[in-house]
Amino acid sequence: MGISSTIIDPEERLTNPSNRDDADAGPTVVHLDSQRDIRRGLSIPCITVLDANGRVIEAEQRNVIRFVAQQGFGADIIFGAGTTGECNRIANRERQRLIRIQVDEAGQINRDISVDGRRIEAWVGVTAATRKETLENLECAIAEGAEAAVIAPLSIQDLGDMVRFFQREVSDLFDHQGRAVRIFLYDNADIAANPRIPHMRTRDVKRLSRLPFIRGVKVSASRRVLGNYTKGAAHFKDKGEFGIYVGNAMLMFQVFKLEDGLAGRIREYWNRYLLHNELPIGVVAGPANVLPREWQRAWRACYAGDERLMSIYKSAFKKFDAACGFGRDGNRVDKSIACFKHALKIEGVIETDFLATGTLRLDDEERREFALRYSAIKSNLSQLTDAQWTSRN
């Protein structure tokens, strides 16, 4: 394995001249601070604003990034170039453009705002169809100063041995670059290259956790699959050094729910048994593209066990999820990404809501129907919650 127990701190590099890369000194690295390195909270996987030819519209993409940040009251982590961003359906050069735009805009946001001294982190998806393109994207993320890269190993078509890919190819890349970024794994059966292998093996993740740059996993799966990872979390690294993020966002209401009464206690015991008493440290919520303040408040309510707020937000978010589906009964078709973009167009955040080839579109009737549903959900939430936690453009 390589030297990748070290990682560049972008702020350190900018503020301390002795840590800048120059021709005489060569690349400089600083040791990874494990305590401040795992970010908790709300991760918002940004939509990608595309033109009719599948190219990223930079100005509008920056608007989206600013909107989900909400001046420090929205995303804790802005996650770009993921599946919600349709990056499995756009050209790789556009993925790299998106990485550059996102990291730059997140940096500007952090310079403009400060809420309780917290910074918004910029994470980028680097997964591509091949190992070669994935490594090229990872190199781009390093060059641009991304704070983390997200890789869905099982979506890489020519992956081969997953453990060896990270131990040798990723580690060697970091060695040659003279720096590393944190890597978070992504488990999502919907984008697995081989449907017969929908999830990563826990034993493989345990082996990968020995690499100091592997810092957690985003799990878009059932509570039981989530539990497999939380079971192993205590063994991956020292406690608190490996983060589990809920990818099926509505699960957070189950995971953090406190129960009363005998039946409730039994349900809570069973829930904790499935999760092996290891709670996730964050949630990745696609619908938070549209309602970033609301999802941030809901996350805080879940973590604090505020049952009243949990109930309000759970009900609203279930209605929003239903609003993104069309058809009847068993024929319901989910068109979430199209709805996210249309909602942002309604809010004036973007002017263009084109979709990548392969993403399900809304017809004219569905657009009108969604707009009515969305308006009713927002109106109801504004009556039940503090105006401070209502998203605004």
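Student: Is Gln70 buried or exposed?

Tutor: In this predicted model, Gln70 is found in the loop between helix H3 (58–69) and strand E4 (77–80). Gln70 has a positive phi of about 50° although it is not a glycine. A residue is classed as buried under 20% relative accessible area. The relative accessibility of Gln70 is 3%, so Gln70 counts as buried.

Student: What is the relative accessibility of Glu86?

Tutor: Glu86 lies in the loop between E4 and helix H4 (92–112). Glu86 is not a glycine, yet its phi is positive, at about 60°. Glu86 counts as buried, and its relative accessibility is 0%.

Student: How far can the coordinates be trusted, and what is the mean pLDDT of the protein?

Tutor: Where pLDDT is low, the predicted coordinates should not be read in detail. Residues 1–36 stay under 50 in pLDDT, and the model has 58 contacts beyond four places in sequence for them. Residues 272–277 also stay under 50, with 17 such contacts. For the protein, 81% of residues reach 70 or more, and the mean pLDDT is 85.

Student: What percentage of the contacts between residues at least 6 apart in sequence join residues at least 24 apart?

Tutor: The protein has 14 helices and 12 strands. Of its 393 residues, 54% count as buried. Among contacts between residues at least 6 apart in sequence, the share that joins residues at least 24 apart is 75%.

Student: How far apart are the end C-alpha atoms of helix H12?

Tutor: Helix H12 covers residues 307–323, which is 17 residues. At 1.5 Å a residue, H12 should span 24 Å. The model agrees with this expectation, as the end C-alpha atoms of H12 are separated by 24 Å.

Student: Within what arc do the buried residues of H12 fall, seen down its axis?

Tutor: The buried residues of H12 are Leu309, Met310, Ile312, Tyr313, Ala316, Phe317, Phe320 and Ala323. Seen down the axis of H12, these residues line one face of the helix, because they fall within an arc of 165°.

Student: Which exposed residues does H12 carry on the face turned away from its buried side?

Tutor: The buried residues of H12 have cover that includes helix H9 (251–255), helix H11 (292–304), strand E11 (325–326), helix H13 (336–346) and helix H14 (364–384). The face of H12 turned away from its buried side carries the exposed residues Arg308 and Lys318.

Student: With which residues is Phe317 in contact, leaving aside its neighbours within four places in sequence?

Tutor: Phe317 is found in helix H12, and it is buried, with a relative accessible area of 4%. Leaving aside neighbours within four places in sequence, the contacts of Phe317 are Met250, Phe253, Leu291, Glu294, Trp295 and Ala298.

Student: What distance separates the C-alpha atoms of Phe256 and Tyr303?

Tutor: Phe256 is found in the loop between H9 and helix H10 (261–275), and at 5% relative accessibility it counts as buried. Leaving aside neighbours within four places in sequence, Phe256 is in contact with Leu279, Pro280, Trp299, Cys302, Tyr303 and Met310. Phe256 and Tyr303 are 47 residues apart along the chain, and their C-alpha atoms are separated by 6.4 Å.

Student: Which residues does Thr352 touch, not counting those up to four places away in sequence?

Tutor: Thr352 lies in the loop between H13 and H14. Its relative accessible area is 15%, and Thr352 is therefore buried. Not counting residues up to four places away in sequence, Thr352 touches Val49, Leu50, Ile57 and Glu60.

Student: Which element gives the largest share of the lining of the largest pocket?

Tutor: The largest pocket has a volume of about 970 Å³. Its lining has 32 residues, of which Thr84, Asp190, Asp334, Ser336 and Ile337 lie nearest its centre. The elements that give two or more residues to this lining are strand E7 (182–188), strand E8 (214–220), H12 and H13. The largest share, four residues, comes from H13.

Student: Which elements are included in what covers the buried residues of H6?

Tutor: Helix H6 (residues 162–177) has 16 residues and reaches 21 Å from its first C-alpha to its last, close to the 22 Å expected. The buried residues of H6 are Met162, Val163, Phe165, Phe166, Val170, Ser171, Leu173 and Phe174. What covers them includes helix H5 (131–144), strand E6 (148–151), E7, helix H7 (202–208) and E8.

Notes. Residues numbered from 1 in each chain as written. Predicted model: local features only at pLDDT ≥ 70, side-chain atom pairs only at ≥ 80, totals over all residues. Heavy atoms only, no water. Expected span 1.5 Å × (residues − 1). Buried < 20%, exposed > 50% of the residue type's maximum accessible area, 1.4 Å probe, protein only. Arc of directions from axis to C-beta. Contact = heavy atoms within 4.5 Å. pLDDT = per-residue confidence, 0-100. 1 Å grid on protein atoms, 1.4 Å probe; cavity = no way out; pocket = protein on both sides within 12 Å on 5 of 7 lines; lining within 4 Å. Points joined across faces, edges and corners; volume = space filled by probe spheres on them.
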